[in-house]
Amino acid sequence: MMFKQLRLILAVAALAILATGCANRGPAMDYTAYRESHPASILVLPPVNKSPDITASYSLLSLVTMPLAESGYYVVPVAVADETFKQNGLTTADEIQAVPVDKLRSIFGADAGLYITVSQYGASYRVVDSVVNVEANARLIDLRTGKELWTGHAFASSAENQNSSGGGLIGMLVTAVVNQLINNLSDKSHAIAGITSWRLLSAGQPNGLLYGPRSPKYGKTATN
């Protein structure tokens, strides 16, 4: 069941990435340090959660392995890493992300660490609308040198493909209430987080991650 859900999220995310096209391009990323480091393995640290939803960190953490693996990297199993942190008395994302990089390297042997911060997660009710937003930032750090290799940002919303409701103000209000119930009952935030994770961590996008050595596209980048 979980595999089917992940495949569904993958399909939806791929379409969402294609739909975004080349929008929101920023200045060209400097990949010099990234290419010199050529990391093959990544340790994903539990995301720091700045949103009011307490499930945000582990929701996103459970979704990041697939886009990273598809991008050509070996990912330290997140469940194993999480248990290792707990056995060493580290239970919060802030504590874990503060661990020195050389210590992380000695324990897990990964080339790079992925540090994620969730700034938005969950449904919000407005006067005439109810939407689910998930926003996250990430930094890829070389665990051998402490150098920052890459930074990224992604945002996804359930409102992206919504059409205007018919029925005037009453129709809009009814739609908003129904959407809020659906968002709360179906854990739609987790699905939107899946789209965010793909937008954030799929290699080959403008200013995105580089392809890892396990990818047949290793050494190729998107056109900025």
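## Close-ups of a predicted model

**View 1. A hairpin and its turn.** In the hairpin of β5 and β6, five residues sit between the strands, and glycine 146 takes a positive phi near 85 degrees. This is a predicted model, so read each view with that in mind. The two strands, β5 (residues 130-142) and β6 (residues 148-157), pair in the antiparallel sense over nine bridges.

**View 2. The largest nonpolar core.** This core has 36 residues, and those touching the most other members are Tyr34, Val44, Leu114, Leu140 and Trp150. Two or more residues each come from β1 (41-44), α3 (56-61), β4 (112-125), β5, β6 and α9 (188-201). Apart from it lies another core, this one of 13 residues, including Leu45, Ile96, Leu104 and Tyr115.

**View 3. Around leucine 114.** Setting aside neighbours within four places in sequence, leucine 114 is in contact with Ile42, Leu43, Val44, Leu45, Leu68, Ala138, Arg139, Leu140, Trp150 and Leu201.

**View 4. Around valine 44.** Here we are in strand β1. Is valine 44 buried or exposed? Its relative accessible area is 3%, so valine 44 counts as buried, the cut-off being under 20%. Not counting residues up to four places away in sequence, valine 44 touches Leu61, Val64, Leu68, Val75, Val78, Leu114 and Ile116. As for valine 64, that residue is 20 residues from valine 44 along the chain, and their C-alpha atoms are separated by 8.1 Å.

Conventions:
Residues numbered from 1 in each chain as written. Predicted model: local features only at pLDDT ≥ 70, side-chain atom pairs only at ≥ 80, totals over all residues. Heavy atoms only, no water. Pairing = 2+ DSSP bridges. Helix = DSSP H or I, 4+ residues; strand = E, 2+ residues; numbered from the N terminus. Core = buried A, V, L, I, M, F, W, Y, C linked by side-chain atoms within 4.5 Å. Buried < 20%, exposed > 50% of the residue type's maximum accessible area, 1.4 Å probe, protein only. Contact = heavy atoms within 4.5 Å.
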